[in-house]
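I opened this notebook to record what I looked up in the structure. The entries follow in the order in which I made them.

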Amino acid sequence: MLNAAHRLAVIPKGFHEPMTDVRADAQIGATLRREMEEELFGRDDIDSTVTDWLRADPMHPSRLSEPMRWLMDEPGRLRMECTGFGLNMVSGNFEFASLIVIEDEDFWTRFGGQIEANWESASLRQYSSLDPQLLTELIGDVAWSNEGLFALLQGLRRLSQIGGDRANLPAIDWKVQ
């Protein structure tokens with residue numbers, strides 16, 4: 001996505017913070033699910049920059065968007081992995097690069113029309129994991145934020161290992177020069 005600062009970034013992108021359940025929300029997966037709901041599935045009621053969190057359980061299954069509820073209904077439909085961790089020397093933030101893979105191929109047919117970027121994005125771009133030329137151009141784009149490029153490359157590295165026939169990725173040299 002092109003974020004509000006007009007830099008390329010991956011989505012979802014968010015700050016890891018508890019909502020209401022300090023212990024359960026400490027899991028990175030809780031933040032990833034919340035950010036998916038907010039930034040891709042239209043749940044502005046869980047955006048701490050827009051509203052206060054007043055619900056006792058904002059991520060209760062009865063409150064989930066239709067796409068998220070469908071993903072959570074069957075084990076194996078959604079895969080979330082931390083692909084990298086770093087200290088951003090520019091911002092001073094800890095960065096958790098993560099990969100979210102929707103394993104069920106019916107998802108896009110069912111819910112593709114409901115996916116939209118929230119207010120944090122100036123635009124949204126869609127790329128296929130089967131188009132290595134377009135992905136190579138994306139990697140080389142000078143508009144990347146530093147943490148966005150880190151997250152993208154870590155995600156592509158992992159996707160190349162697990163994507164099977166759903167991924168035809170460009171070769172990336174991971175050696176430090």
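I began with the contacts, where contact means heavy atoms within 4.5 Å. Of the contacts in the chain with a separation of 6 or more, 58% are between residues 24 or more positions apart.

I noted that this is a predicted model, in which local features need pLDDT of at least 70, side-chain atom pairs count only at pLDDT 80 or more, and totals for chains, interfaces and linings use all residues. Residues are numbered from 1 along each chain as its sequence is written, and side-chain values use heavy atoms, with hydrogens and water left out.

I then listed the elements, taken as DSSP runs numbered from the N terminus (helices H or I, at least four residues; strands E, at least two). I found five helices and four strands in the chain, in the order β-α-α-β-β-α-β-α-α from the N terminus on.

Next I looked up the strand pairing, which requires that DSSP find at least two bridges between two strands. Strand β2 (residues 78-87) pairs with strand β3 (residues 94-102) in the antiparallel sense over nine bridges. Gly84 has Ala97 in β3 as its bridge partner. Six residues lie between β2 and β3 in this hairpin, and Gly92 in the turn has a positive phi of about 85°.

Finally I turned to two helices. The axes (lines fitted to C-alpha atoms over the stretch in contact, with angles from 0 to 180 degrees between N-to-C directions) of α1 (residues 28-39) and α2 (residues 66-73) come within 9 Å and cross at roughly 145°. I recorded that Arg33, Met36 and Glu37 in α1 meet Met68, Leu71 and Met72 in α2.
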